[in-house]
Amino acid sequence: MLPDDEKFLVLLEHAITTELSNLDQLGKNANLFPINEIGVAQGCCLSPFLGNVLLHDFDIEMNKDNVACLRYVDDFIILAKSKDDGHKAYNKALKILQGHGLEAYGLDDRSKTECGATSKKFRFLGCEIAPGLIAPSRESRARMVKTVTDLFNNSIADMRKNPANLAINRTTLVDTLYHVNNIIKGWGNQYSFCTDRQAIEHIDPIIDGLIKSYIGRYDNIKKRIGIEREKTVRRLLGVHLLSDSIQH
C-alpha cells in the first residue's frame, strides 16, 4: 500500500509521468514510446523499484505451499517437488499476474518457458544451470562474440571509407579497442558468479583471434595509405591532430 501522503503521491506522479517534447518529430513512431499514464520512461531508475512494489504480493504468495519461486524483474522460476505441483504453481502465478493486468507466456510456448527436472541442465537469466555448474548460456556467449566482431568490422569499414570521420563515429583503433575492452569486462563482471570457468575461459582465444585479425586488417589499410600518410595514420589510431582543430 502506498502511504496516505498527498505530497508524496504528487511527487511520485510527477516522477513517473512521461512527456515527450518531440512528438511532432516522432510522427508515426510516437506510439512506440509510453506517455502519460502508460508505463514508466525507459531507463528510469524507478521502473524496477515500482515493479518490485507491484509484485510484492506475487513474491509472497508464490513462496507458499512447499513451492519456491525466484523472481528477477519480469523473469521467474518455480521450484517444486513434482511436475504437477509446478504446473499448479504456474497457473497460480498466471492468476495473480492477471489481477495486476499482467500476463505471462503459456507453458506451451517453449521459446519463452521451460519445464523439466533440475537434475538436467536448464536456462534462467542468461545462464545454463546444471548440478554443481553455472555457466553463461550459449546464446549469451555467442551474442558477446558477435558484438565484438561487429565493432571490429564497423571500425575497419569506416577506416576504408573515410578516415576523417573516424573520430566522429568513434570507430578509430583506440576508440574501438576501448569499447571492446568495456564490453568484455562488463560481460565478464556480469557472469563473475558462474562456476564453469572452462565455458568462460574458452572465449578468450576467440577474442584473441578477433583482435589479431583486426590489427592485421588495420596494418593492411595503413600500408596502402599514400598522401599525408602520417596524418591519416593518426586519424586511424584515434590520436587527435592539432591541424584538425584549425577552422578552415
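Which residues in helix 5 are buried? Here are my notes.

1. Ground rules. This is a predicted model, where local features need pLDDT of at least 70, side-chain atom pairs count only at pLDDT 80 or more, and totals for chains, interfaces and linings use all residues. Residues are numbered from 1 along each chain as its sequence is written, and side-chain values use heavy atoms, with hydrogens and water left out.

2. Overall picture. The protein chain has 11 helices and five strands (DSSP runs numbered from the N terminus: helices are H or I with at least four residues, strands are E with at least two). Of its 248 residues, 24% count as buried (under 20% relative accessible area; exposed is over 50%, partly exposed in between; 1.4 Å probe, protein chains only).

3. Helix 5, to get back to the question. The buried residues are Gly86, Ala89, Tyr90, Ala93, Ile96 and Leu97. Looking down the axis of helix 5, they fall within an arc of 120 degrees, so they line one face (the arc is that of the directions from the helix axis to the C-beta atoms). As a reminder, an α-helix has 3.6 residues a turn, so residues three or four places apart point the same way. On the other side of helix 5, Asp84, Lys88, Lys95, Gln98 and Gly99 are exposed.

4. What sits over that face, and what comes after. The cover on the buried residues of helix 5 includes helix 4 (56-61) and strand 2 (75-79). Helix 5 is followed by Gly101, whose phi is positive, near 75 degrees.

5. Aromatics. The whole structure holds five aromatic pairs (rings of Phe, Tyr and Trp, the last by its six-membered ring, with centres within 6.5 Å; planes under 30 degrees apart are stacked, over 60 edge-to-face, the rest tilted). One of them is Phe58 with Phe76, edge-to-face at 5.3 Å centre to centre and 70 degrees between the planes. This pair links distant parts of the chain, with Phe58 in helix 4 and Phe76 in strand 2, 18 residues apart. Ring pairs also bring in Tyr90, giving a cluster of Phe58, Phe76 and Tyr90. Phe58 is buried, at a relative accessible area of 1%.

6. Asp196. This one is in the loop between helix 8 (173-190) and helix 9 (197-201). Asp196 is buried, with a relative accessible area of 19%. Leaving aside residues up to four places away in sequence, Asp196 touches Leu133, Ile134 and Ala135 (contact means heavy atoms within 4.5 Å).
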